[in-house]
Amino acid sequence: MTQDTRPLIRVVAGILLNQNGDYLLSSRPEGKPYAGYWEFAGGKVEAGETDFQALQREFEEELGIRILTATPWLTKIHSYEHARVCLKFLWVNPDQWTGEPQSREGQAWSWQKAGDFNVAPMLPANGPLLRALSVPRQLQGRLKTGLHGQNSTGEYRVAPYSLAEPHHANILISETELRKLGKLPQAQSVWVSIHTREQWQRVQDADVVVWQVNNDASVRQVLEILEQGVSVPLVVAAPETLVSSYRDRWLSTGAHAVLTDNDTEVV
């Protein structure tokens with residue numbers, strides 16, 4: 001495969017939620033590449049703008065929505081026929097925006113549920129993103145016995161690979177086990193647990209990564225990775241002492257969720 005060496009164009013998009021937990025999608029207007037395709041609203045970051053400033057401007061121009069605040073989520077690099085883009089997704093909760101969606105550029109818009117989208121066609125870069133949106137942002141349980149949470153379609157469970165049965169859709173496997181296995185297990189989504197930056201580099205094809213944090217060095221590593229931008233949802237698992245100190249910082253920097261896991265011992 002030929003490597004795409006075109007300059008990266010910075011683009012930002014918003015994951016905007018309403019009070020029902022639905023996500024706002026809009027169609028691309030006539031005259032733009034992929035006209036009629038559905039996407040998360042946003043656009044190009046102009047010179048001198050921060051990602052957040054660009055998000056505010058685009059939502060006001062396109063949809064008449066005022067964004068009050070947002071947090072980083074995922075960063076994707078995608079090659080289209082017309083451009084190579086670095087697409088940063090920012091998360092906007094229901095209390096972080098005001099206004100009512102308007103079609104200011106002649107586009108359609110729709111509120112959709114994660115895991116149950118019913119508009120098409122979707123912009124190509126958004127396929128993996130739609131699967132990631134079904135992962136709950138609040139999780140309970142233990143890595144040894146399984147995790148659970150709720151999304152907009154109901155209960156979501158993750159089974160450890162050693163205990164998994166054929167009906168389990170979401171599987172958790174350690175990076176060490178995965179290397180021995182030699183390939184990702186067959187499942188709707190595969191979660192991989194890691195401890196180090198080196199392991200992080202090896203698991204970029206996972207659907208979700210769980211980083212077990214147990215000391216100050218790993219706290220710093222996770223923050224550095226989040227600040228660079230992550231392309232897959234990153235769940236931080238740590239003992240209660242570290243969660244109480246760093247939970248808000250991890251989440252504000254882009255962690256998908258923070259799990260209190262006292263099986264991860266502080267060292």
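Author: Before the questions, one definition: two strands pair if DSSP finds at least two bridges between them. The model discussed here is predicted.

Reader: In β14, which residue is the bridge partner of Ser174?
Author: Strand β13 covers residues 170-174, and β13 pairs with β14 in the parallel sense over five bridges. Within β14, the partner of Ser174 is Ser193.

Reader: How many of the six residues of β14 are buried?
Author: Buried means under 20% relative accessible area. On one side of β14, Ser189, Trp191 and Ser193 are buried. For the strand, residues 189-194, the count of buried residues is six of six.

Reader: What radius of gyration does the chain have?
Author: The C-alpha atoms fill a box of roughly 55 × 40 × 40 Å along the principal axes. A compact globule of 267 residues would have a radius of gyration near 18 Å, so the chain agrees with that at 19 Å.

Reader: What share of the contacts with a separation of 6 or more is between residues 24 or more positions apart?
Author: The chain has six helices and 17 strands, and buried residues make up 49% of its 267 residues. Of the contacts with a separation of 6 or more, the share from residues 24 or more positions apart is 57%.

Reader: How far apart are the centres of the positive and negative side chains?
Author: The chain has 25 positive and 31 negative side chains. The distance between the centres of these two sets is 4 Å.

How values were computed. Residues are numbered from 1 along each chain as its sequence is written. This is a predicted model: local features need pLDDT of at least 70, side-chain atom pairs count only at pLDDT 80 or more; totals for chains, interfaces and linings use all residues. Side-chain values use heavy atoms; hydrogens and water are left out. Helices (H or I, at least four residues) and strands (E, at least two) are DSSP runs, numbered from the N terminus. The radius of gyration is taken over C-alpha atoms; the globule rule is 2.2 Å times the number of residues to the power 0.38. Buried means under 20% relative accessible area, exposed over 50%, partly exposed in between (1.4 Å probe, protein chains only). Contact means heavy atoms within 4.5 Å. Lys and Arg count as positive and Asp and Glu as negative; His and the chain ends are not counted. The place of a charge is taken as NZ of Lys, CZ of Arg, CG of Asp or CD of Glu.
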